[in-house]
Amino acid sequence: MTEEKKNVVAGNENVAKKENQLFAFFKRLRQRPAAVVGLVIFAILILSAIFANVIAPYNYTETNVREAYQAPSWKHICGTDQVGRDIFSRLLVGARYSLTLGILAMLLGNLAGMLVGSLAGYFGGVVDEVLMRILDVIQSIPGMVLNLAVACVIGVGFWKTIIVMGIGGVAGAARMMRANILKIREMEYIEAASVTNCSNAKIIVKHLIPNAFSASLVQMTMGVGGSIMAASGLAYLGLGVQPPTPEWGAMLSDGRQYLTKFPWMCIFPGMAIMITVLAINLFGDGMRDALDPRLKK
Amino acid sequence: MAPMIEVRDLKKYFKSPRGTVHAVDDVTLHIDKGTTMGIVGESGCGKSTLGRTIIQMIQPTEGKIFFDGKDVTGLKGRELREFHSRAQFIFQDPYSSLNPRYTVEQTISEPLINSGRYSRRDIDKKTTELMDMVGVAQRLRLSYPHEMDGGRRQRVVIARALALDPEFVVCDEPVSALDVSIQAQVLNLLQDLQKDKNLTYMFITHDMSVVRHISNDISVMYLGQLVETSPSKELFRKHYHPYTKALLSAIPSTDIHHKMNRILLKGEITSPINPKPGCRFAARCDYATEKCHEPQKLEEVAPNHFVSCCRVHEINPELN
Amino acid sequence: MSEKFLSVKDLNDHYITSEADVWAVNGVSFDLERGKTLGLVGETGAGKTTIARSILKILPNPPAKVLGGSVEFEGKSIYEVSEAEMQKIRGDKITMIFQDPMTALNPVMTVGEQIAEVVALHNGGNKEDAKNRAVEMLETVGIPAERYVEYPHQFSGGMKQRVVIAIALACNPDLLLADEPTTALDVTIQAQVLDLMRELNRKNDTSMILITHDLGVVAEMCDDVAIVYAGQIIEKGSLEQIFDHPSHPYTNGLFGALPSMKDDEDDDRLHPIAGMPPDPTNLPTGCYFHPRCPYATEECKNGPVPVKELAPGHTCMCHKAGEV
């Protein structure tokens with residue numbers, strides 16, 4: 001069963017290994033069509049965010065009251081909003097804000113959560129007890145209320161919304177990481193690492209987190225969609241991303257009051273969020289499998 | 001010969017919701033330099049905990065451990081790291097004792113890197129030597145554990161344990177997860193390494209034929225207590241503790257012409273939680289009397305042959 | 001007993017996945033007489049369990065495929081009976097004991113109910129009878145009837161395996177397939193369980209196929225022995241024939257690799273079999289054992305290997321059978 005590997009000359013080892021791993025990763029990813037579809041959609045979204053100015057048929061801030069409330073047509077494929085701005089153009093530019101917001105908030109929340117969860121899971125005892133009780137308190141506050149509270153303290157705007165969303169994600173990420181760490185801490189290779197004189201930091205960083213990480217990956221990616229959604233709620237209450245920034249969540253809450261008469265104002269931002277979340281989830285699922293060297297066969 | 005390891009009145013208790021687990025209870029033993037002490041017993045008898053306590057992966061509740069004449073009980077920090085470069089542990093399950101995301105090279109070189117004694121070049125060279133020493137082909141250097149079979153994985157585990165040239169190694173069921181033909185390869189390797197490097201082994205197993213083959217001395221454990229210690233060849237000829245008798249008679253023999261007289265034990269191993277004082281085996285022992293519920297002491301019944309049973313002379317008339 | 005009780009002929013099982021074709025069982029044939037115990041001995045991945053599962057027709061399909069061969073049980077070909085009839089055979093006539101007693105029991109049902117359920121399924125569903133039978137079975141395997149209402153987690157490993165045996169034997173099967181029934185148990189408990197199985201089989205005249213890697217267990221339990229290597233039976237015969245006159249180099253290797261328990265032998269080193277078991281997705285040509293065989297010659301590397309009969313009932317699949 002062993003895979004034949006080229007004998008690598010001592011000096012080039014690390015380079016060869018990295019290439020090998022990356023190549024193997026893509027090879028394994030390719031065997032999962034759903035993941036490839038997810039990746040392709042995600043790539044298209046990123047590209048359209050980058051080249052929004054080139055692709056967009058109209059200026060996203062340009063209002064035109066005579067063309068307000070227009071249904072989708074060849075002229076405005078996603079229709080126009082209450083002040084006549086082209087929704088398609090706004091979605092393209094909004095992708096920049098929404099994707100950045102979703103991804104950064106997810107990263108922020110998960111990095112902090114992973115750190116807390118790893119410490120709690122690895123050290124256990126008092127450290128675990130204290131950290132987990134703090135998380136209990138945080139999680140006993142409804143998510144939206146927590147977001148509002150944090151937003152009231154630190155203020156509104158795009159970057160501050162990212163921080164609000166990030167803080168909101170810490171507790172969940174920490175719990176998940178802790179559960180995974182607890183499972184992996186029981187493995188003998190952790191004991192082996194400590195008896196071969198690895199420092200605590202090295203055990204956490206090199207042995208625990210990489211093995212606990214892949215299990216969290218899918219839930220982490222789901223966090224991107226969750227953050228975009230939650231940010232739209234915050235925007236609706238006026239404590240999130242401020243208009244006229246064309247962030248998708250803000251557009252969604254903006255259009256809510258016209259939902260019955262001019263549904264496209266909600267449908268298209270909603271679809272954009274849905275497609276993004278779906279693509280990321282598909283990709284995350286495939287990536288978890290592809291990252292795991294054990295699942296090669 | 002000076003003892004490599006000496007353990008005195010070692011106790012390891014765990015707290016559990018249902019009471020205190022007496023995993024290791026008053027174990028005293030010593031292992032001479034360059035020899036192998038086999039520790040046998042059934043699952044849950046505390047043999048693995050004993051090994052982990054001696055290597056200081058867990059701290060004893062009471063008792064002392066001497067390594068090469070020095071008290072090493074409760075070492076911390078730099079001293080503990082120093083101890084771990086001289087005393088190592090080989091794990092039972094080569095599936096869970098290797099990080100699935102580490103290549104063979106990363107696994108074997110880790111103790112070398114951690115020690116801080118070697119340069120990058122030396123680490124590469126030493127890793128190559130270690131792989132040759134345990135018989136893992138160089139082409140597997142960048143392989144992951146799941147790409148190898150159990151025998152190779154266990155060789156990698158052995159290489160990691162021996163990376164810093166330890167003098168003493170606790171082997172916790174190192175061949176139990178392997179097939180017979182592979183098991184023989186690994187046992188031979190362990191024996192060759194012992195000869196080359198004058199290693200001292202503590203060999204924990206439930207397999208009596210393996211322990212007989214590899215050990216100079218054997219200690220039999222039952223529920224945290226040592227019940228009998230003896231030079232290994234002698235133990236298979238003469239055993240005096242009722243538990244040892246039952247244990248040895250239960251081994252299925254491949255000798256189809258000489259059936260052994262089997263002693264079938266009553267019941268199952270009792271719980272190590274809050275045990276009653278005295279002999280733990282008394283509940284299943286045919287010879288148990290009131291006296292057995294008093295604390296027992298190891299008694300030397302023959303040269304280097306110790307038994308912990310107050311009725312040993314009554315049960316074994318040949319001793320008198 | 002002139003009528004054949006169980007006859008397996010030229011069984012071939014593969015596991016077919018998108019990446020590889022695993023040759024698990026490659027032309028296995030054997031007969032079993034009523035009331036006898038056959039030991040299937042081999043190492044991990046040799047195909048022992050697959051053989052047993054194809055007798056019960058419980059191989060997961062896909063990925064497993066029975067490519068050929070026949071299994072005749074009491075004169076009936078089990079590959080021709082309907083699935084409904086097969087379900088009656090399973091449990092009524094043939095039952096299986098799995099290796100791991102910890103996962104073979106349902107954790108949220110009392111052990112008594114689990115035995116009674118099996119009985120009720122096969123005896124027409126009278127609950128009262130089933131319960132009585134379950135209590136009787138518990139006592140037969142040495143568990144007091146009071147423990148009928150306890151759950152699996154309240155039992156130790158040995159006790160659980162007794163419950164599994166009680167379930168398997170509750171309907172008085174004619175054939176018991178035991179897949180490493182004592183591997184997860186301690187030696188003293190193993191001795192108890194083996195003793196119990198032997199006694200029950202003798203009492204009910206049950207035949208058994210015992211799958212194990214432990215030659216000691218085989219010596220204790222079996223009348224006949226078949227050595228399995230890479231999905232083939234490379235040697236079979238009576239217990240005495242195999243243990244006193246092992247003829248295949250692999251069989252000899254297995255005995256040689258065991259640490260000896262005999263007192264007089266100078267056993268400083270073991271004699272392992274060189275190399276590793278073959279990869280079942282890429283088996284060697286010729287004799288599957290030839291890359292590890294110390295006696296291999298040119299003729300072993302290619303072409304079919306003859307099965308030679310060395311004594312009545314003692315066959316060996318090797319060019320050099322009887323010479324080595």
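**Figure 1. Helices α4(C) and α6(C) are roughly parallel to each other, because their crossing angle falls under 35 degrees.** This close-up, like those that follow, comes from a predicted model. The axes of α4 (residues 111-122) and α6 (residues 157-169) of chain C cross at roughly 20°. They come within 8 Å. The crossing of α4(C) with α6(C) is right-handed. From α4(C), the contact uses C:Val111, C:Gln114, C:Ile115 and C:Val118. From α6(C), it uses C:Val163, C:Ala166 and C:Ile167. By class, the contact residues of this helix pair are six nonpolar and one polar, with no charged residue.

**Figure 2. Helices α2(A) and α4(A) cross at roughly 110°.** The pair is formed by α2 (residues 33-50) and α4 (residues 87-123) of chain A. Their axes come within 7 Å. An angle from 65 to 115 degrees counts as roughly perpendicular, so α2(A) is roughly perpendicular to α4(A). The two helices make a left-handed crossing. On the α2(A) side, the residues in contact are A:Leu45, A:Ile46, A:Ser48 and A:Ala49. They meet A:Leu92, A:Ala95, A:Arg96 and A:Leu99 of α4(A). The contact of α2(A) with α4(A) has six nonpolar residues, one polar and one charged.

**Figure 3. Eight strands of chain B build an open, mixed sheet.** The strand order is β6-β7-β8-β3-β9-β10-β12-β11. The edges are β6 (87-90) and β11 (299-302) of chain B. Each edge strand has a single partner, so one side of each lacks a neighbour in the sheet. From one strand to the next, the twist averages 20°.

**Figure 4. Strand β11(B) runs antiparallel to β12(B).** The partner strand, β12 of chain B, covers residues 305-307. Three bridges join the two strands. Across the pair, B:Glu300 stands opposite B:Phe306, a residue of β12(B).

**Figure 5. Helices α5(B) and α9(B) lie across strands of chain B.** Helix α5 (residues 150-162) of chain B lies across β6 and β7 (168-172). It runs at about 170° to β6(B). Helix α9(B) lies across β9 (217-222) and β10 (225-231) of chain B. The angle of α9(B) to β9(B) is about 105°.

**Figure 6. Chain B touches chain C through 30 residues of chain B and 37 residues of chain C.** On the chain B side, α6 (180-197), α7 (208-214), α8 (232-237) and α9 (242-250) each supply at least two residues. The largest share comes from α6(B), with six residues. The side of chain B that touches chain C holds 13 nonpolar, 10 polar and seven charged residues.

**Figure 7. B:Gly34 sits in a loop of chain B.** The loop lies between β2 (19-32) and β3 (36-40) of chain B. B:Gly34 has 16 C-beta neighbours inside 10 Å, so this residue counts as partly exposed. Beyond its neighbours within four places in sequence, B:Gly34 is in contact with B:Asn198 and B:Thr200. B:Met4 is 30 residues away from B:Gly34 in sequence. In space, the two are 8.1 Å apart, C-alpha to C-alpha.

Definitions and conventions:
Residues numbered from 1 in each chain as written. Chains lettered and ligands numbered in written order. Predicted model: local features only at pLDDT ≥ 70, side-chain atom pairs only at ≥ 80, totals over all residues. Contact = placed C-beta atoms within 7 Å. Helix = DSSP H or I, 4+ residues; strand = E, 2+ residues; numbered from the N terminus. Nonpolar A, V, L, I, M, F, W, Y, C, P; charged D, E, K, R; others polar. Pairing = 2+ DSSP bridges. Axes fitted to C-alpha atoms, helices over the stretch in contact; angles between N-to-C directions. Parallel < 35°, antiparallel > 145°, perpendicular 65-115°, else oblique. Left-handed = near helix turned anticlockwise from the far one by under 90°. Buried ≥ 20, exposed ≤ 12 C-beta atoms within 10 Å, placed from the backbone.
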